[in-house]
Amino acid sequence: MALTNVYRQTTSFVFNNTLTKGVLIRSLVANASSSTQPSASSPSVPKPPNPNAASSASKPSAEQYPIIKEQQPQTKESEQHQKQTQQRLSPTSTVKDSKTLAKEAKKSTSFIMNLFRGQLYTDELFPYPDVLNEEQKDNVKMLIDPIWKFFEEKNNAAKNDQLEAIPDDVMTGLKEQGAFGIQVPYEYGGLSLTNTQAARLFEVVSAHDLGISICLGAHQSIGFKGILLFGNEQQKQKYLPKLAAGEWVAAFCLTEPSAGSDAASIKTKAELSSDGKYYVLNGSKIWISNAGIAEIFTVFAQTPVVDDKTGQTQNKVTAFIVERKFGGIQHGQPEKKMGIKASNTAELFFEDCKVPVENVLGGVGEGFKVAMNILNNGRFGMVVGLSGTMKMAIRKSIDFAKNRRQFGRTVDSYENVQEKLVRMAMRQYVTESLGFLLSSNMDRGVTEYQCEAAIGKIFASESAWFVLDEAIQIHGGMGYMRHTGLERVMRDLRIFRIFEGANDILRLFVALTGMQYAGLHLRELAKSVKSFNLNVLMGEGTKRLRRVTGMSSGPSLSAHLHPSLQKSGELLSKSIDRFGYTIENVLIKYGKSIRDEQFITVRIGEAVIDLFTMAVALSRCTHSFKKNVSTAVHESNLVNLWCEEAYARINTNLDLITDPAFLKRSKLMTTLAREIVEKESTVPEHPLGF
C-alpha cells in the first residue's frame, strides 16, 4: 500500500513538472541571494596594518582604540566546523541556474532548507555556536563601555530627530570611536571585528538611536560592503582606508521609482564609451540613505552584455564604485520621513557620469549577484540591532511599571501587564538568539544562510514593532508623550518591515525557495521509483506507513537538548515531520502553480518562521545550561512557553493549508479585493445613505 502511494504521488509530481525550472523564485530573488554566499567571516588572524596602503587616511592606533591588537584565531569549534563545511560544499558566490541547483540540492546543510523535506540537519544549529575566544571577547568588551558612554553623554536622539540630521560633533565623535570601519581589516585602517564582535556593538547603537544606526549601517553594512566582499586589491586599497576613518561616507544605490522589491527591473543604464575606458551612467535612484552626505556610491545599472553562447546582446545588471567627484551626480532635498529622521535620505540623479572601467565591482553583468549578497550579508546587523532596541523598551517599561501605582498597587502586579512583559521578553530573547546564531555561523564559514537571514529580518522587525507597541501601552498616556522617547522609536521602527526586503516578499521567498529545494528532491525520488530502486522505495514506503498509522514522531532532538527542554523538543520534532509531509502534498497538488497561491505560501512561510525560532531558542537555552549560565532556568521557562505557543500556531497554519473551508474563504477574499479595487474605495453604501 505504502509503496503504491509512493509511485502514484511521485510520478504525478513529475508529470506536473513541479519546480524543475526555478520559476517560483524568479520574481522574488531580488530580496534574497544566491544559493551560496561568499564567506562572511573576518580573517582568523588579522594582518598587521599595511604601511603601503594607498590612502592619506589616518590609521587607528593602539592609543586610540585599545582593541587594535592582533587577535588570536577563533575557537576550535569554529575552525572544525569551517573545515567540515568546506569538505561538504565548495564555497562560491555565483548565482546558480536551475540545472546547477538541481545537482547541488542534495548538498544543502541549511536547517531551514531541510525542514521542507521533513528532515533535521543540526550541524549549523546544535550546539549553539560559540565562536569568540576570550581575547576576542575582551577586545569587544573594551569597546562597549566607551560607545555606550558616548551615546549617553554626547548624543541626543530626540534632538537629532527634531533637527532631522546628525550634528557634526556627533559624527566626529563616532569617527573617533572607530564606528565607521568596524569590520574593515586592520591593513585598510579598520577595527577588523568579526561579525559576532560587530553584532555586540550594533546592539548598543540601535538601543540608543536608530537614526544613527541607519547612517552607520547604510555606510558599512551595505554602502561599502560590496568592496569588502567583491573588491579587488586595488579597489580595497584605494577606498577602504578613508571609508574606515569616516573621511568618506558610503551609500548603497539600488532602489528606483519603478524598481523596489523587483531589483532586476532597474532602469539606470551604463554604456561603455567608444574608447573602452569608462562607462557613462544615466538614471536615478530614490530613497537612498546617506545620499546627501556620501562621497562613495555603490551603484547598480543595466549594461549591454554579449552572451558567449548565443552571441546576442542583452542587458544585465552591473555594480559600480562611483565617486561624487566624477561629476554628473546630483542629489535632491532630504526626504521628509515618518521616522529615522536623523538619517539623510534623498534621491540621486546621474547624468552622463563617467565611471572608469576599473571601478566595475564584481564583474560586468554580475551586479545582481553583488547586490543580493550585500543585502544578505548585512541582515544580521539589523537583527541584533533591533534586539538592542527591544531591550531598551523593556527596561523603560519595567521601570515605569514598578513605580506607577494604580488602584493601590504598582502596575507590574497586574496580570495583564505581566503577560505583556513576558511576551516582550520572549520575543527579545528569540530575536537575540537568531541574530547571534546568524553572525556566529557567518564567522565560522557557513555559506548558505539566505533563508535564515531573511527569517531573522522578518522576525526582528515585527517583534520590535510588537514590543514598542506594548511598551507604549504599559506607559498609557505617558507613552504617547514625546519626552518619554517611545513614540520616536515607534516611528523609527516602521521602516524596518519595508526596507532591505519587504517582509511580505521575504515570507514568499523563504517558502518558495524551500519548496523548490523539496521539489528537486521529490523529483529525484520519482527517478528512483521509475528505476525501482528498492532501498529508496522501502525507506520512503516505511516513512509514509508510519505517518498513516500515527507512529511517526519526527526526527529526534533528544540528544541535543537539556532535559528541561525535552518536551518542547518533541513538539518541534512532530512539527518538522508534519511540515515536511504537508509540503510534499502541496507540491503534488499544485505543481508549479503554487507560486500563484499566496494565501497558502504565506502560511507556509509563517510555519517555517515558528519552526526555526523554536529550534534556535532551544539550542541557545541548552547552551546556557552547558555553560552554567545563572539565567538558564529562567531562559528555559521562556523557551518552553514560546515553543508551546509556536507549536499551536504551526498546526493552525498547516490545518488551514489543507482546509477546504479556508481555501473557499481565500477565493472569496480574492473576489472581494477585486470589487474594492474596481470601485477604488470601500464598496458598502453609507448607513445614512449619503
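The report below moves from the whole chain to single residues.

This is a predicted model, in which local features need pLDDT of at least 70 and side-chain atom pairs count only at pLDDT 80 or more, while totals for chains, interfaces and linings use all residues. Residues are numbered from 1 along each chain as its sequence is written, and side-chain values use heavy atoms, with hydrogens and water left out.

**Overall make-up**

The protein chain holds 22 helices and 10 strands, where helices (H or I, at least four residues) and strands (E, at least two) are DSSP runs numbered from the N terminus. Of its 690 residues, 56% are buried; buried means under 20% relative accessible area, exposed means over 50%, and partly exposed lies in between, with a 1.4 Å probe and protein chains only. Among the contacts in the protein chain with a separation of 6 or more, 79% are between residues 24 or more positions apart, a contact being heavy atoms within 4.5 Å.

**Nonpolar cores**

A nonpolar core is a set of buried Ala, Val, Leu, Ile, Met, Phe, Trp, Tyr and Cys residues joined through side-chain atoms within 4.5 Å. The largest one has 146 residues, and Met515, Phe579 and Ile604 have the most contacts inside it. Helix H20 (residues 598-626) supplies the largest share of this core, 14 residues. Because domain 1 (372-504) and domain 2 (522-677) both give residues to this core, it lies between them; the domain bounds come from an automatic or database domain assignment. Apart from this core lies another, of 29 residues, which include Ile227, Leu228, Leu361 and Ala371.

Leaving aside residues up to four places away in sequence, Phe579 touches Leu115, Phe116, Ile604, Ala607, Val608, Leu611 and Leu654.

**Helix packing**

The table sets out two helix pairs, with axes taken as lines fitted to C-alpha atoms over the stretch in contact, and angles running from 0 to 180 degrees between N-to-C directions.

| Helix pair | Angle | Axis distance |
|---|---|---|
| H12 (residues 367-403) and H13 (residues 415-443) | about 155 degrees | 9 Å |
| H14 (residues 450-475) and H20 | about 95 degrees | 11 Å |

Angles under 35 degrees count as roughly parallel, over 145 as roughly antiparallel, 65 to 115 as roughly perpendicular and the rest as oblique. H12 is therefore roughly antiparallel to H13, whereas H14 and H20 are roughly perpendicular to each other. Where H14 and H20 meet, Glu452, Ile455, Ile458 and Phe459 in H14 contact Val608, Ile609, Phe612 and Thr613 in H20.

Ser289 is found in strand E3 (residues 278-289) and, at 17% relative accessibility, counts as buried. Its contacts, not counting residues up to four places away in sequence, are Ile214, Ala218, Ala251, Asn344 and Thr345.

Phe126 and Pro127 are joined by a cis peptide bond with omega of about -5 degrees, and Pro127 has its place in the loop between helix H4 (111-115) and helix H5 (134-153).

Ser192, a residue other than glycine, has a positive phi near 60 degrees; Ser192 sits in the loop between helix H7 (168-176) and helix H8 (195-208) and is buried, with a relative accessible area of 1%. Phe407, a residue other than glycine, has a positive phi near 55 degrees. Phe407 lies in the loop between strand E9 (405-406) and strand E10 (409-410), and is exposed, with a relative accessible area of 77%.
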